[in-house]
Amino acid sequence: MKYVFADKLVMLAELAIKPDKLEEFLDYTVENLKISRSYPGNIEFDILIDEAQSDRVIFYEVWE
């Protein structure tokens, strides 16, 4: 899902992760998060996990 607000692009991605792969996925993602945040134009990049549905991971990104 993409939204454009003024001069910024907001992207949301919801992923379903197999429960037995969640920790491996998060380890990989957190390590690579540093790379994504370093790209020119990145304002914010967060990984959100709902404790009630820990198999659902949401990426929240804001770009210039």
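**Ground rules**

I reminded myself that this is a predicted model, in which local features need pLDDT of at least 70 and side-chain atom pairs count only at pLDDT 80 or more, while totals for chains, interfaces and linings use all residues. Residues are numbered from 1 along each chain as its sequence is written, and side-chain values use heavy atoms, with hydrogens and water left out.

**Helix H1**

I took the elements from DSSP runs numbered from the N terminus, where helices (H or I) have at least four residues and strands (E) at least two. Helix H1 covers residues 22-38, and at 1.5 Å a residue its 17 residues should span 24 Å, which agrees with the 24 Å between its end C-alpha atoms. The expected span is 1.5 Å times one less than the number of residues. I also found a kink of about 30° in H1, centred on Asn-32, where the bend is the angle between axes fitted to the seven residues ending there and the seven starting there.

I then listed the buried residues of H1, which are Leu-22, Thr-29, Leu-33 and Ser-36. What covers them includes strand E3 (42-50) and strand E4 (53-63). Leaving aside residues up to four places away in sequence, Leu-33 touches Phe-45 and Ile-47, contact meaning heavy atoms within 4.5 Å.

**Aromatic rings**

How many aromatic pairs does a search of the whole structure find? I noted 2 aromatic pairs, counting rings of Phe, Tyr and Trp (its six-membered ring) with centres within 6.5 Å, and calling planes under 30 degrees apart stacked, over 60 edge-to-face and the rest tilted. The ring centres of Phe-25 and Phe-59 are 6.4 Å apart and their planes are at 15°, so I recorded this pair as stacked. The pair links distant parts of the chain, with Phe-25 in helix H1 and Phe-59 in strand E4, 34 residues apart. Phe-59 is buried, because its relative accessible area is 15%. Ring pairs link Phe-25, Phe-45 and Phe-59 into a cluster.

**Salt bridges**

Side chains of opposite charge can pair when their charged atoms come close. I counted a salt bridge where a side-chain nitrogen of Lys or Arg lies within 4 Å of a carboxyl oxygen of Asp or Glu, and the structure holds 5 of them.

Glu-14 forms one with Arg-56, the closest N and O atoms being 3.9 Å apart. This pair joins distant parts of the chain, Glu-14 in strand E2 (residues 8-16) and Arg-56 in strand E4, 42 residues apart. Glu-14 is exposed at 54% relative accessible area, whereas Arg-56 is partly exposed at 30%.

I also looked up Lys-21 and Glu-24, whose side chains meet in a salt bridge (3.9 Å, N to O). Lys-21 is partly exposed, with a relative accessible area of 41%, and Glu-24 is exposed, with 54%.

My last entry is the salt bridge of Arg-37 with Asp-46, whose closest N and O atoms are 3.4 Å apart. Arg-37 is partly exposed at 42% relative accessible area, and Asp-46 counts as partly exposed at 22%.

Methods:
Buried means under 20% relative accessible area, exposed over 50%, partly exposed in between (1.4 Å probe, protein chains only).
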